[in-house]
Amino acid sequence: MAHETTSSAHDNILEISRQPRPLWDVEYLSATGAFDFSRLQLADVVLSLLVQTAEFRKIAKSSYRNFHVSAGAMAIKGARIGRVLGYNIKLDETDLVNIHAEDLVLAKASDYGFDKISVLAVIGPTQEDHASGRHTPTLHPCGRCRERLRESPLISDDTLIVTAKPDFTAIELATLGDIEKVHETNDSSGIESYSFGATPQVFSPLPQPDEHGHIRPSEHEVDDTDWQSTVGRFLTARYVEKMHHKT
Ligand SMILES: [Zn+2]
């Protein structure tokens with residue numbers, strides 16, 4: 001592909017945003033055994049990705065209309081697994097600079113040479129989908145991002161896409177094809193959708209170190225029943241199903 005000789009403000013800001021930051025927006029998590037997640041690990045991997053993607057959203061201050069979206073990917077490069085985070089950047093009403101969280105994640109994952117994205121998380125407030133006009137329980141990648149994800153060699157039908165409300169009272173799991181189907185034909189049968197009356201406790205903040213740097217164990221055990229009996233159970237079943245297909 002030929003490089004353009006002139007670069008727009010959009011390109012310049014995308015370039016700057018792709019630079020590594022001290023917030024570990026790109027991090028290698030393990031050097032071994034990344035070809036597949038173990039049955040128990042998959043739910044943990046998704047949980048930690050959601051927590052970290054939500055953390056990253058807190059530093060996203062780059063939407064002129066306070067519409068903050070973050071995305072996070074568990075990506076695989078050979079035998080290594082890594083995590084890549086991004087958020088949306090839109091500085092004013094024009095589309096001169098309009099970088100979606102998924103854009104940054106795809107760009108960074110590709111810059112760092114990842115081969116594929118296993119899990120993609122997207123967290124943001126819900127709004128009507130501009131392309132389809134549909135309202136969904138969680139914010140799905142928009143029409144433009146759906147196209148970009150479809151074109152990306154990092155995304156396949158194996159990629160698990162997890163979308164969540166910022167307070168985690170709604171979480172949806174699907175493949176890109178399942179999400180496309182909702183917006184093209186209003187068929188949401190492929191989407192695994194969970195809603196909770198309140199933020200599941202498993203997402204509550206971890207205890208912070210005191211002035212001596214000690215972390216006190218929480219007074220109460222974190223109750224992860226909400227998570228384990230819903231998303232956790234689904235992920236376990238999905239993994240087992242995949243293993244059956246392989247053998
Ligand atoms: Zn988008």
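In this predicted model, helix α4 (residues 143-151) has Cys145, Arg146 and Leu149 as buried residues. These three lie on the same side of α4, because the arc they cover around the axis is only 105°. On the other side of α4, Arg150 and Glu151 are exposed, while the cover over the buried residues of the helix includes α3 (101-111) and α5 (176-185).

**Strand β6 and its partners**

- Seven of the eight residues of strand β6 (residues 116-123) are buried, so the strand is largely enclosed by the rest of the structure.
- Strand β2 (residues 70-77) pairs with β6 in the antiparallel sense, over seven bridges, and within this pairing Ala73 has Leu120 of β6 as its bridge partner.
- Strand β7 (residues 160-164) runs parallel to β6 and is joined to it by five bridges, with Ala121 standing opposite Val162 in β7.

**The nonpolar core**

- The largest nonpolar core holds 57 residues, of which Val46, Ala73, Ala75, Ala109, Val119, Ala121 and Val162 touch the most other members.
- Helix α2 (residues 39-58) supplies the largest share of this core, with eight residues.
- When residues up to four places away in sequence are left out, Val119 touches Val45, Val46, Leu49, Ala73, Met74, Leu160 and Val162.

**Overall architecture**

- The secondary structure of the protein consists of six helices and nine strands, and buried residues account for 35% of its 247 residues.
- Of the contacts between residues at least 6 apart in sequence, 66% join residues that are at least 24 apart.

**Confidence of the prediction**

- The pLDDT of the protein averages 85, and 85% of the residues score at least 70.
- Confidence is highest in strand β8 (residues 170-174), at a mean of 98, and lowest in strand β1 (residues 26-30), where the mean is 71.
- Over residues 32-36 the pLDDT is below 50, and beyond near neighbours in sequence this stretch has six contacts in the model.

Definitions and conventions. Residues are numbered from 1 along each chain as its sequence is written. This is a predicted model: local features need pLDDT of at least 70, side-chain atom pairs count only at pLDDT 80 or more; totals for chains, interfaces and linings use all residues. A nonpolar core is a set of buried Ala, Val, Leu, Ile, Met, Phe, Trp, Tyr and Cys residues joined through C-beta atoms within 7 Å. A residue is buried if 20 or more other C-beta atoms lie within 10 Å of its own, exposed if 12 or fewer, and partly exposed in between; C-beta atoms are placed from the backbone. Helices (H or I, at least four residues) and strands (E, at least two) are DSSP runs, numbered from the N terminus. Two residues are in contact if their C-beta atoms, placed from the backbone, lie within 7 Å. The arc is that of the directions from the helix axis to the C-beta atoms. pLDDT is the predictor's confidence in each residue, from 0 to 100. Two strands pair if DSSP finds at least two bridges between them.
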